[in-house]
Amino acid sequence: MSGQEEDAAAYCRRGMETVDGYFGIEDAWAFVLFDALQRSLGIRGDLLEVGAYLGKSAILLGYLASSDEGLVVCDPFEDASFTEGLAVQDKASYDGVTQQRFEQNYRRFHQTTPDVRVGFSSDVLPALPMRSYRFIHIDGSHEFDAVQGDVAATKGLLCPGGVVAFDDMFELHTPGVQAAVWQAVVEAGLIPLVTTRKLYATWEPHPIIDAVRGAFEASAELDIVDEHLVGGRRFLQAKRPGPPDKRSRRIARAITPPGLVKLGRRVSRSVRG
């Protein structure tokens, strides 16, 4: 494991919990896994995040970007026209989200800040270089029209083998996100790869599509728990492995010879000292 990979793993295990935000550990490991998969396939390019909040996911992306790769972050931050347009539920969530707080959090983990583009994605994304990004995280507006624009923009921005992650795919209060993204899958050729709380997808045929299953099957941090078919596209569902449930433990005890149970208890006590 390289120093860069070690730093990313350390952030997932210990650093993330010190940063406010809604980026979960399940998707943190999915980011790391897709990064490793892209590197194994020789896929190079910059990284892009739309919707930074206070930096929880951007900090991880900063670890995943190599020295010759850049990280661009797009967010309106404290733009009054942005907060005025939010639903009541979202206004409370974005209270106190400023560029200064984002950069303070980011600088706790990195020496320099990323390339911050303050503004709405509809203004920022068209000015970015086409087919230059290997990983894009979309976590911006929840409004259907805005998400539709973000989805369309990623098609031109992703390089071959690039992956885009769409947040809020399964939340009750974000139907606009779900409608816009699934519409792209069914009608526009977006290729779904994996779902967690996000949807990971790509836009064009590439060896990474066939390599995803093997990468997730080999992962110690995520398990494949289901497989789905939408719009003729088959994709995986992944989640963090959980502890065995009580029923599984009862079954295991029932089929284990008593002598082995006693041996296991003695070994357990000796390990604990």
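Predicted model: local features only at pLDDT ≥ 70, side-chain atom pairs only at ≥ 80, totals over all residues.
Residues are numbered from 1 along each chain as its sequence is written, and side-chain values use heavy atoms, without hydrogens and water. Local features need pLDDT of at least 70, side-chain atom pairs count only at pLDDT 80 or more, and totals for chains, interfaces and linings use all residues.

Me: How many aromatic pairs does a search of the whole structure find?
Reply: The search finds 11. Rings of Phe, Tyr and Trp (its six-membered ring) pair if their centres lie within 6.5 Å.

Me: Why is the pair of Tyr22 and Tyr53 called tilted?
Reply: Planes under 30 degrees apart count as stacked, over 60 as edge-to-face and the rest as tilted. The planes of Tyr22 and Tyr53 stand at 50°, so the pair is tilted. Their centres are 5.3 Å apart.

Me: What makes this a link between distant parts of the chain?
Reply: Tyr22 and Tyr53 are 31 residues apart. Tyr22 is in the loop between helix 1 (3-15) and helix 2 (25-40). Tyr53 is in the loop between strand 1 (46-50) and helix 3 (56-64). Helices (H or I, at least four residues) and strands (E, at least two) are DSSP runs, numbered from the N terminus.

Me: Why is Tyr22 called exposed?
Reply: Exposed means over 50% relative accessible area, buried under 20%, partly exposed in between (1.4 Å probe, protein chains only). Tyr22 has 58%, so Tyr22 is exposed.

Me: Why is Tyr53 called buried?
Reply: Its relative accessible area is 16%, so Tyr53 is buried.

Me: Which cluster do ring pairs form with Phe23 and Phe31?
Reply: Ring pairs link Phe23, Phe31, Phe34, Phe135, Tyr200 and Phe216. Both Phe23 and Phe31 are buried.
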